[in-house]
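I opened this notebook to record, entry by entry, what I looked up in one structure. The entries follow the order in which I asked.

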Amino acid sequence: MNIKSKIAIAIIPFTLLSCNKESILTTSEIPAEISEHVTMNFPDNKILQAIKDVEGFTKSYNIILDGGISLEYNRKKEIIEIDGTTELPKSVIPSKLGLYVATNFPDNFITNWELEGKHQQIGLNNELDLEFKMNGDFIRIDN
């Protein structure tokens, strides 16, 4: 194998990984699983924009709703992040996390939720971020 072939083989993976393509989706192009999740959990919020983001070998969907809510779904069309400015619907928060907040922070509510690696994180309206295991066990207050 000559030097040019070796360089080309070395460059190809970086070229593939650096490809980033965002596309705006029409309402009819939004995957059914995502549309159903939005309709079921945010019935009063209209979809303002839907974006499919392909970055290397990963794909995600970002949905912006009116009322200051943004949603992110992974390539499997599973919700992985919810950011809001007001209280999130109880239907989108795992029950064990909701119960923990109701018990330990009764004067506050959840404005954000995210899957982060092997943990879940929620943000409260008092600016605290709480980290939990995937099973819902509390880990710590995160800065």
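Entry 1: How much space lies in the largest pocket? I found about 210 Å³ there, in what is a predicted model. I then looked up the lining of this pocket, and Glu87, Leu88, Lys90, Ile93, Gly98, Val101, Ala102, Pro106, Asn108, Phe109 and Ile110 make it up. Helix α3 contributes the most to the lining, giving 3 residues.

**Entry 2: the elements.** I next turned to the secondary structure. The chain holds 3 helices and 9 strands. Following the sequence, I read their order as α-β-α-β-β-β-β-α-β-β-β-β.

**Entry 3: confidence.** I checked how far the prediction can be followed along the chain. The mean pLDDT of the chain is 89, and 86% of the residues reach at least 70. Which element has the lowest mean pLDDT? I noted helix α1 (residues 3–18), with a mean of 48, whereas strand β4 (residues 69–73) has the highest, 98. Over residues 10–17 the pLDDT stays under 50, and the model shows 4 contacts for this stretch beyond four places in sequence.

Entry 4: I looked up burial first: 29% of the 143 residues count as buried. The largest nonpolar core has 26 residues, and those touching the most other members are Phe42, Leu71, Tyr73, Ile82, Trp113 and Ile122. Two or more residues of this core come from each of α2 (32–41), β3 (58–65), β4, β5 (79–83), α3 (95–104), β6 (110–116), β7 (119–124) and β8.

I then selected Ile82 and asked which residues it touches, leaving aside those up to four places away in sequence. Ile82 is in contact with Phe42, Ile69, Ser70, Leu71, Leu88, Val92, Thr111, Asn112 and Trp113. Three of the names in this list, Phe42, Leu71 and Trp113, are also among the core residues that touch the most other members.

**Entry 5: contacts along the chain.** I asked what share of the contacts with a separation of 6 or more joins residues 24 or more positions apart. That share is 34%.

Entry 6: How do strands β8 and β9 run relative to each other, parallel or antiparallel? I found that β8 (residues 129–133) and β9 (residues 138–142) are antiparallel and are joined by 4 bridges. Across this pairing, Glu131 is placed opposite Arg140 of β9. The hairpin has 4 residues between its strands, and Gly136 adopts a positive phi near 95° in it.

Definitions and conventions
Residues are numbered from 1 along each chain as its sequence is written. This is a predicted model: local features need pLDDT of at least 70, side-chain atom pairs count only at pLDDT 80 or more; totals for chains, interfaces and linings use all residues. Side-chain values use heavy atoms; hydrogens and water are left out. Two strands pair if DSSP finds at least two bridges between them. pLDDT is the predictor's confidence in each residue, from 0 to 100. Contact means heavy atoms within 4.5 Å. A nonpolar core is a set of buried Ala, Val, Leu, Ile, Met, Phe, Trp, Tyr and Cys residues joined through side-chain atoms within 4.5 Å. Buried means under 20% relative accessible area, exposed over 50%, partly exposed in between (1.4 Å probe, protein chains only). On a 1 Å grid over the protein atoms alone, a cavity is a set of points where a 1.4 Å probe fits but cannot get out, and a pocket is an open set with protein on both sides within 12 Å along at least five of seven lines; lining residues have an atom within 4 Å of a point. Grid points are joined across faces, edges and corners, and a volume is the space filled by probe spheres set on the points.
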